[in-house]
Amino acid sequence: MTDALGPELLLELPGWGSRGRALEEALRSAIRGGRLVAGTRLPSSRDLASQLGLSRGTVTQAYEQLVAEGWLTARQGSGTRVAAGTAEAPARSGRSAGSAEAASGRYDLRPGRPDAYAFPREAWARAMRHVLREAPTEVFGFGDPRGRIELRTALASYLGRTRGVRVDPANLIVCSGYTQALGLLAEVFTELGVRTAGMEDPAIGDHVRLLAGRLRVAAVPVDAAGLRVDALRDSGAEVAVCTPAHQFPLGVSMAPERRSELLEWADDSLGWIVEDDYDGEFRYDRHPIAALQSRRPSRIVYAGSTSKTIGPAVRLGWIACPPLLLEPLTEAKRRARETRPLEQLALARMIELGDYDRHLRTMRRGYQRRRDTLVAAVRSGLPDVRVRGIDAGLHALLELPSAPSERAIVEAARATSVDVHPLGEYMRGDRDRHPPSLVVGYATPPAHSYPAALDALIRGLRRL
Ligand SMILES: Cc1ncc(COP(=O)(O)O)c(C=O)c1O
């Protein structure tokens, strides 16, 4: 018997093993089997703890894990509920339903997005509530074009601590993600008389086009050691735009000698380096390598973003700015107006409270598990396929040297309801430099449909 007032829940936990794990599995199985249907409100952690004779912390942790996996949702005011579409699909379909994607019969393994189900709703809501209650009135007006000092201070310390970035809060500019950072840089470089930017090839087409609106953009090939500095020199570029920690999309990390060569290029030619550190927090096989910026803060514009760490909807990013570029970049940012001051304060609060680090630790574990599962599935199901790139980030490159073409690969995946991107989508120069390949983003499907998504991918590619 219990004196709890909330909904009751009948769950049977085995008498052995970890209580938290057992509770998670009992809930998963009740949801998967349809006994707990979408929208069902679960007892509060206090009530369930008392119903099952567990500690409240055990229940809270199990709820948080299942929210992160997409089985449950947790919203202020409406409690913890079973998420939509989590019951097993009817036997005839043979695959678990789940997200909107599974409901539409498709699996999304395209790169570029984090797991939206894992958005840290509670921590974000806590931080936002605090901001709305406590923020000074001037927050609601135009502020410093560089962004809120609270966030710049928190970021300077966070980036120094986790990425080795050397920057004073005065030299940080907060912006709407990396995309805005690149747009502002294109403006400023043009004002400074720069004519050519050398950009990694392959790279994201939108980023190339953004620069190409103002500058000539040279395609600089990337090999297993990263951006080819010899080709950069030949291109006559005055700016190099690159992803040293984890090249997008090839997945290589810039080798130590290549890093030194790139710095030499910047010193010799007084060139600028734009370091896009879009997923530097996610390294699984070792401690992350410090940002290149730490070795030449005077020539390197370091840019980061919350798009991979929290979610693209937050639209916050930052530029650690070399002193010579601070004034023109601040002016360009002033023309673009302030960036979401309330969200800036919320992020500052999450960093100060340790919630951001905690969230990253959880995400790192989850993405590493997903990557390991992908690698194991490919090794056993597709022995001819090679997984390229370092153990990091939210995507992997699958090379299929014997496939007839990338178009055939994409069609084969499509036939088993999987959406993927071919490497060719990111290439500008000689496409034959790389064998037919897929860029697989493993973060997007919710955790409960991830195994089914991989299964569908392997089935599709086996047909080739
Ligand atoms: C290579 C690369 N750079 C930067 C970003 C971040 O862009 P933004 O901060 O504008 O969302 C992404 C995507 O998240 C990316 O894949």
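Start with H2 and H3: H2 passes H3 in a right-handed crossing. A crossing is right-handed if the near helix is turned clockwise from the far one by less than a right angle, and left-handed if anticlockwise. Before going on, some ground rules. This is a predicted model: local features need pLDDT of at least 70, side-chain atom pairs count only at pLDDT 80 or more, and totals for chains, interfaces and linings use all residues. Residues are numbered from 1 along each chain as its sequence is written. Helices (H or I, at least four residues) and strands (E, at least two) are DSSP runs, numbered from the N terminus.

Back to the pair. H2 covers residues 45-52, and H3 covers residues 56-69. Their axes come within 8 Å and cross at roughly 120°. Axes here are lines fitted to C-alpha atoms, for helices over the stretch in contact, and angles run from 0 to 180 degrees between N-to-C directions. H2 and H3 are therefore oblique to each other. Under 35 degrees counts as roughly parallel, over 145 as roughly antiparallel, 65 to 115 as roughly perpendicular, and the rest as oblique.

Who touches whom? From H2 come Ser45, Arg46, Leu48 and Ala49; from H3, Arg56, Val59, Thr60 and Tyr63. Contact means C-beta atoms, placed from the backbone, within 7 Å. By class, that is four nonpolar, two polar and two charged residues. Ala, Val, Leu, Ile, Met, Phe, Trp, Tyr, Cys and Pro count as nonpolar, Asp, Glu, Lys and Arg as charged, and the others, Gly among them, as polar.

Next pair: H7 (residues 177-191) and H11 (residues 323-336). Their axes come within 9 Å and cross at roughly 120°. This crossing is right-handed. H7 brings Gln180, Leu184, Glu187, Val188 and Glu191 to the contact; H11 brings Leu325, Pro328, Leu329, Ala332, Lys333 and Ala336. The classes are seven nonpolar, one polar and three charged.

Now the sheet. Eight strands form an open sheet, in the order E4-E11-E10-E9-E8-E5-E6-E7, with mixed pairing. Pairing needs at least two DSSP bridges between two strands. E4 pairs with E11 (residues 317-320) in the antiparallel sense, over four bridges. Which residue of E11 is the bridge partner of Cys175? That is Gly317. Finally, helix H6 (residues 149-163) lies across E4 and E11, running at about 110° to E4.

Technical notes
Contact = placed C-beta atoms within 7 Å.
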